[in-house]
Structures are given as C-alpha cells and as structure tokens.
Amino acid sequence: MQPIISVQGLGKTYGSGFEALKSVDLEIRKGEIFALLGPNGAGKTTLISVICGIVNPSSGRVLADGYDVVKDYRAARQKIGLVPQELAVNIFETVWSTVKFSRGLFGKKPDNAYLEQLLKDLSLWDKKNERIMALSGGMKRRVLIAKALAYEPAILFLDEPTAGVDVELRRDMWEMIRKLRESGVTIILTTHYIEEAEDMADRVGVIQRGEIILVEEKTELMQKFGRKQLTLQLTEPLSALPAELNPENLNLSDDGQQLTYTYDAQQDQAAIAQLLRQLAQRGIDYRDLHTSQSSLEDIFVSLVEERV
C-alpha cells in the first residue's frame, strides 16, 4: 500500500544557519494514528509545518496523498487538516462563521448538515452563534479541530491537541479521534502526554535534533525496549545479597527488606522461576510480590538520553 505521507531526504536550515531538520525520511500509512515524539526543540513543529506547506523545505521532498506539497501546494493542502498549538482563529468571529469559512476556503461545496453534525460531535452546536473570544480555552481548542475538519481532510495533524485541556474534554477529544481513524482519516499527533500516545498510537516515531532516530510499531517498541521489574517484599531483611545470586539484575534495598529484579520484556519467564527457586533454596522468604513494566514514557526518555 502506498503511504499517504512520504517524506524523502527532508532538510530545513534557517537563515541563521540553524539546521532544524537533517535529511528526514518518513512514511505514514493511510488510516493509522502516528505519534511523533521528541523533546522541545527536536524539530517536531518544523517537520509538521513543512508537511503542511507552512514552511518551505531547504532540501528533499514531501508527498501528501500523492501530491507534492511544494509543486502541488493547493491540492496537497486540501488533503491536510492542521490543529496547531496556538489559537489560529479570528476571535471576533462566531463558531459557525469560522467553520463555514474554513470549508469554503479549501474549495468544498457548502454542506450545512455536515458542519452541524461536526459541531454536535465536538459539543459545540449550542455555541455556534457565540464569538470565539467568549469561549473557554477548551472550547477554543475544539473550534480549532472543527475548523481543521470542516473541509473533510484525509490527513489530520494534531500538534499538542490536549495541552491546557481539562480531563473531561481530553477524554471526549480522544473518543472523537478514534472515530475519525475508524472512518479512514490518518492522524499524526505530537503530545507531551506520552501516556496518550501509548494508549492511542499504532506507530511511534522519535525525533531528536532534527533527525528521526526511531520508527516502530508501538507494540513492538514496548517489547523491544521495554523493561520489567519483579519486586519482592521480604519476610526478614537481608544484610547482603547471597554471592550465588546475579547482582547485575538484582538489587537489594538499603533497609534490606526489598529485592528488585530487572529484566527485558522479551526475556524468558523461566529466569524468574529460577530466581524464586534460588531464593527458596537459601531460605529467603517473601510476603508479597508484584511486577511492573516500562511505560512508553520510560522508553522515550531512555532513547533520548542515549542521544544526548
């Protein structure tokens, strides 16, 4: 299947000499939710801005649903909806006039029924005649989403979509995004709430210093880089670890009452059974145990720190 977005050798150097993007190659599949993660200043917003035709690249090529974003700008831009971090609407306009104008701006025929349903889905219908300046921060962000969806794009970019949004609004937004993906819309998001990416994304890309350092299926990423921990609360404290046990993967707490065994997510469970047998053979009893696994945030932090 042809990717809906194809980024080939993309570079961006600003007039100051700062190289924001360095020969980026990236393919995004039709109908997926793709999470683009990276620390502040890594190049996320620049990459999105180039793909959306807001910033001109210094080198390379971007295709959006087969259209070159520079040579076929208008056709490419009609395929893309963008919800930016910052409020990008006329605050003196009403909600209804904003979405209606956005639809017409991209050459779509009037369809009041579609816009009405869109505003209802975003819980904005009862606010349709209010000026945007009178809305709460969360409602303004919903208007940004409505504006981006008004012309029915095949690709939707969400740049920090839930920043500053309360928990209830955030939950409603992600429910709507799931429905969009089900309808065939491709979603690309950046977020500081990495647990959202862990919950929502099909694939994850990590960008650092203008370079894509990793693109993986989320489940494979969690398995490949994830770490698990088995924690044992001991019945009696230990003064030191027995020499026969592997100190590399096993840690004894300072008070001697807790053992922590760290292992790869892909590691054979037989290693845990062997550890428990070794403890039993040495008369080391425990009263409780539990396991935990690396989150996507843990993996992201470790990947970025490796590149510092």
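How are helix 3 and helix 5 oriented to each other, roughly parallel or roughly perpendicular? The structure is a predicted model, in which local features need pLDDT of at least 70, side-chain atom pairs count only at pLDDT 80 or more, and totals for chains, interfaces and linings use all residues. Residues are numbered from 1 along each chain as its sequence is written, and side-chain values use heavy atoms, with hydrogens and water left out.

Two packed helices are described by the angle between their axes and the distance between the axes. Helices here are DSSP runs (H or I, at least four residues), numbered from the N terminus. Axes are lines fitted to C-alpha atoms over the stretch in contact, and angles run from 0 to 180 degrees between N-to-C directions. For helix 3 (residues 95–105) and helix 5 (residues 137–149), the axes come within 8 Å and cross at roughly 30°. Helix 3 and helix 5 are therefore roughly parallel to each other, a label for angles under 35 degrees, while over 145 counts as roughly antiparallel, 65 to 115 as roughly perpendicular and the rest as oblique. The crossing of helix 3 with helix 5 is right-handed, meaning that the near helix is turned clockwise from the far one by less than a right angle. Contact (heavy atoms within 4.5 Å) is made by V95, T98, V99 and S102 of helix 3 with V143, A146 and K147 of helix 5. Four of these contact residues are nonpolar, two polar and one charged. In this grouping, Ala, Val, Leu, Ile, Met, Phe, Trp, Tyr, Cys and Pro count as nonpolar, Asp, Glu, Lys and Arg as charged, and the others, Gly among them, as polar.

Helix 5 also packs against helix 6, at an angle of about 15° and with the axes 11 Å apart, which makes this pair roughly parallel. Their crossing is right-handed. On the helix 5 side, G138, M139, R141, R142, I145 and L149 meet L169, D172, M173, M176 and L180 of helix 6; by class, seven residues of this contact are nonpolar, one is polar and three are charged.

Helix 3 has a further partner in helix 4, with an angle of about 125° and axes 11 Å apart. Helix 3 and helix 4 are therefore oblique to each other.

Finally, there is the largest pocket, with about 330 Å³ of space. A pocket is an open set of points on a 1 Å grid where a 1.4 Å probe fits, with protein on both sides within 12 Å along at least five of seven lines; lining residues have an atom within 4 Å of a point. The volume is the space filled by probe spheres set on the points. Of the 14 lining residues, L118, D121, L149, M176 and L180 lie nearest the centre of the largest pocket. Helix 6 (167–182) supplies the largest share of this lining, five residues. The lining as a whole has seven nonpolar, two polar and five charged residues.

Notes. Helix = DSSP H or I, 4+ residues; strand = E, 2+ residues; numbered from the N terminus.
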